[in-house]
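Here are a few notes for you to read alongside the coordinates. They cover aromatic rings, nonpolar cores and a cavity, in that order.

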Amino acid sequence: RFLYGPWLTDRPIQFLGVLVPLFLIAMVFSPTQVPDDVGYLSLILFGVVLLGLSFSSWLVPYVTTNGGHLGLFTQPTTGTATFDDRTLGNAVPTPAGDPVPFFSPSGDVDILYVDDQGHLQIQVPNDPRSPFWAALHDNQPWRPLVTRDLSAQTGIPAGVGVPGVSVVNGAAVIAFNARDGSLAVIRLTWPTSSPIPVVDASGSIPSSQLPRPVTPTTTTTVRPTTTTTATSTTTSTTSTTSTSTTSTTVRPTTTTTAPVSAAAFASDPVVLPQAVPTVAVEANNGDLFLFSSSDPSLDVWTSTDLTVLTSSADVQGSIAVEYNSRSVYLAATSVTGSVLIFSAPYAPVVPQIAVPRVPSWTVKNATGLSPGAPPLTGSLALSVSDSTVTVAGQASNWGDLFVLTNDIGSNVWSNTDVSVTGGSDARTVGDVVAALQV
């Protein structure tokens, strides 16, 4: 009990929790000029925090900064929104890209991100603090959150981009761009009674697995050529008569054009919510591909070219994925800014991994089916219920936030300029629009 008494656990935390904010306040007011963005409200909040620390052993102050900290914004269904700086006090590697929050099987909010060293990290709640935990970790300081380096565990460094994740049947499938140009896929599972996941399997999809065109396109163009050639001349005392012959020569021109090869991945991958691990990604030729694997080690993958399968237009930019009880949906923009909605039947997931098969995919041009809808650009937000499909994005060369809506089963889409109809607080938006569907 001597090693686990309050003098080694709660008391130092309380002391540092009071000392550090006081030091920060002293650093703010010691200069001759006080920054303009320090207000009296912030000082009152500091006082509330300090007062609370004197009565509580678990409350830890968080300072929100723009200096590369990992943060979590939470908006409950009822109540006030909160922002949690999840870097302070948690030994978090510095993020280099946007984080991706997701719900673990137990309902915790876990966060995926790529750090500034090119490693894929996952931040999760720690195991409960106990004498057993302290003994297991050589009495190291306990932190409420822990970060696990998935790249170090799998030997797969990450490239630039945002990872995709889907949790099905108690396991999370994560896909991300690897540093060598391939797609890396990791499956995580959660041990019983622990919030910290472990790597169950990892594999990769090399860009060489993208299908290559076998037969180039050959076009023959026939251009008739007319020539006139004089053949004879007759002269008499009164006139001269010339006779000519007209001939037409056909010279066909043959042009052979090789289609653009899919030689590299060109977007961040998304993971479909399927029992069989399935990843969607764009190739550099504009085709949208699906990769599925029934291999427990995630080393063997089969590919499906959705663009060829559905005879749809080429796509560009990011991909959004959602599903309801009947279908799974993918949203992407074409090179002209049209919103393409791909969908396929979605069966309830099963515990065992099934043999992958190509489902019946269809595609709709939501922009073309919505009169007056402008082309969209950037990242799309997709939301799906059992009755409605909703897509939101930034209008190209405009900036207004547009929402396209469809009643499932209908071929008619409607569109709304939210930047106009949203009231006095409405405004133009950036090219990244996101949504969370629960």
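1. Are Phe265 and Phe291 buried or exposed? Both of them are buried. Please keep in mind throughout that this is a predicted model.

2. Those two rings make an aromatic pair of the edge-to-face kind, with 6.0 Å from centre to centre and 80 degrees between the planes. The pair joins distant parts of the chain, 26 residues apart: Phe265 sits in the loop between β12 (240–257) and β13 (270–272), and Phe291 belongs to strand β15 (residues 288–292).

3. Phe291 has a further partner in Phe289: the ring centres are 6.3 Å apart and the planes meet at 25 degrees, so this pair is stacked. The cut-off for stacking is an angle under 30 degrees. Phe289 counts as buried because its relative accessibility is 1%, and Phe291 does so at 0%; the limit for buried is under 20%. Phe265, Phe289 and Phe291 together form one aromatic cluster.

4. Now to the nonpolar cores. The largest has 20 residues, and the members that touch the most others are Leu112, Leu120, Ile122, Leu150, Ile174, Phe176 and Leu188. At least two residues of this core come from each of the strands β3 (100–103), β4 (109–114), β5 (120–125), β8 (171–177) and β9 (183–189). Another core lies apart from it, with 17 residues that include Leu376, Leu382, Val384 and Ala395.

5. Leaving aside residues up to four places away in sequence, its contacts include the core members Ile122, Leu150 and Ile174. Leu188 also touches Gly170, Ala171 and Ala172, as well as the run Pro197, Val198, Val199 and Asp200.

6. Where is the largest cavity, in terms of its lining? Its lining consists of Ile122, Arg148, Leu150, Gln153, Leu188, Pro197, Val198 and Val199.

7. A search of the whole structure turns up one cavity of 30 Å³ or more, and the largest cavity holds about 40 Å³ of space. By class, its lining has six nonpolar residues, one polar and one charged.

Technical notes
Residues are numbered from 1 along each chain as its sequence is written. This is a predicted model: local features need pLDDT of at least 70, side-chain atom pairs count only at pLDDT 80 or more; totals for chains, interfaces and linings use all residues. Side-chain values use heavy atoms; hydrogens and water are left out. A nonpolar core is a set of buried Ala, Val, Leu, Ile, Met, Phe, Trp, Tyr and Cys residues joined through side-chain atoms within 4.5 Å. Buried means under 20% relative accessible area, exposed over 50%, partly exposed in between (1.4 Å probe, protein chains only). Helices (H or I, at least four residues) and strands (E, at least two) are DSSP runs, numbered from the N terminus. Contact means heavy atoms within 4.5 Å. On a 1 Å grid over the protein atoms alone, a cavity is a set of points where a 1.4 Å probe fits but cannot get out, and a pocket is an open set with protein on both sides within 12 Å along at least five of seven lines; lining residues have an atom within 4 Å of a point. Grid points are joined across faces, edges and corners, and a volume is the space filled by probe spheres set on the points. Ala, Val, Leu, Ile, Met, Phe, Trp, Tyr, Cys and Pro count as nonpolar, Asp, Glu, Lys and Arg as charged, and the others, Gly among them, as polar. Rings of Phe, Tyr and Trp (its six-membered ring) pair if their centres lie within 6.5 Å; planes under 30 degrees apart count as stacked, over 60 as edge-to-face and the rest as tilted.
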